[in-house]
Amino acid sequence: MQTVSIDIVSDVVCPWCYLGKARLDQAIADVASELQVAVQWRPYQLNPDLPPEGVDHKQHLAAKLGGQAAVDKAHETLKALGNADGIAFDFDAVKISPNTLDAHRLIRWAATNGEVAQSAVVSLLFKANFEDGRNVGDQAVLLDIAAEAGLDRPVIAALLNSDADKDAVKEEIGMAREMGVTGVPCFILDGQYAVMGAQSVEVLSNALREIAQMKATA
């Protein structure tokens, strides 16, 4: 059975990335009998210049998208798409637009516990931000998520209180930008093929099958 690797460049405050994960999970389930998929989550920051404490979410988003009417329209679209993919977006609950550097550090550390642990942390971060309105820039929230995903809470607390991997995460984000990643999610398949945006389950499933087939006949 062929193995296809996927590196997902993503930010935890990107609603399209949350949709992308839900659809990828379905695509992986669809092809499970045909091929294996190895997933690694890679960092990206949509708003790297936000202060550590974050900013008012509604004001920030209105300024970024060009007014409240544009925000409302985008949220309406995302809610409908989320319902179809099992995501209960609650945009009214989101109060803070956080700096996501610490969240990306947590995702990086989760990888040392394996792919399942990293995926769990990513899912919990998305859910905390978009469904529960929790501040994923808050270290207390990050520690709760780490513990829920089975990570060692005291170890993560010590790491968060240090500068561990801050430069490494920023370097990875810089590499993604140098590769031409200007928006997320970006799915990099087998280190060679990039699929941009929250594509449908069918598109992702077919891409995985095509690459597996190419590898089998190479």
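## Two buried rings

Let's start inside this predicted model. F89 and F91 are both buried. The centres of their rings lie 4.9 Å apart and the planes meet at 15°, so this pair is stacked, since stacking calls for planes under 30 degrees apart.

How buried is F89? Its relative accessibility is 8%. Because buried means under 20% relative accessible area, F89 counts as buried.

## A link across the chain

F89 has another aromatic partner, F130, and here the arrangement is edge-to-face. The two ring centres are 5.5 Å apart, with 90° between the planes. This pair connects distant parts of the chain, as its members are 41 residues apart. F89 sits in the loop between α3 (68-84) and β4 (96-97), while F130 belongs to helix α5 (residues 115-130).

Is F130 buried or exposed? With a relative accessible area of 4%, F130 is buried.

Searching the whole structure turns up seven aromatic pairs. F89, F91 and F130 belong to one aromatic cluster, together with Y18, W41 and F126.

## The sheet and its helix

Next, look for the open sheet built from four strands. Which order do the strands follow? They run β2-β1-β5-β6, and their pairing is mixed. At the edges you will find β2 (36-43) and β6 (193-196), each of which pairs on one side only. Ignoring direction, neighbouring strands in this sheet are turned by 25° against each other on average.

Take a look at one pairing in detail. Strand β1 (residues 3-10) pairs with β2 in the parallel sense, over eight bridges. Within this part of the sheet, I6 stands opposite V39 in β2. Helix α1 (residues 15-30) packs on the sheet and touches β1, β2 and β5 (186-189). The direction of α1 makes about 165° with that of β2.

Our last stop is E172, a residue of helix α8 (residues 166-178). Which side chain does the side chain of E172 meet in a polar contact? The partner is the side chain of R42, at 3.4 Å.

Leaving aside residues up to four places away in sequence, E172 touches R42, P43 and R108.

Notes
Residues numbered from 1 in each chain as written. Predicted model: local features only at pLDDT ≥ 70, side-chain atom pairs only at ≥ 80, totals over all residues. Heavy atoms only, no water. Helix = DSSP H or I, 4+ residues; strand = E, 2+ residues; numbered from the N terminus. Polar contact = N/O pair within 3.5 Å; in protein donor to acceptor, adjacent residues only side chain to side chain. Contact = heavy atoms within 4.5 Å. Phe/Tyr/Trp six-rings, centres within 6.5 Å; stacked < 30°, edge-to-face > 60°. Buried < 20%, exposed > 50% of the residue type's maximum accessible area, 1.4 Å probe, protein only. Pairing = 2+ DSSP bridges. Axes fitted to C-alpha atoms, helices over the stretch in contact; angles between N-to-C directions.
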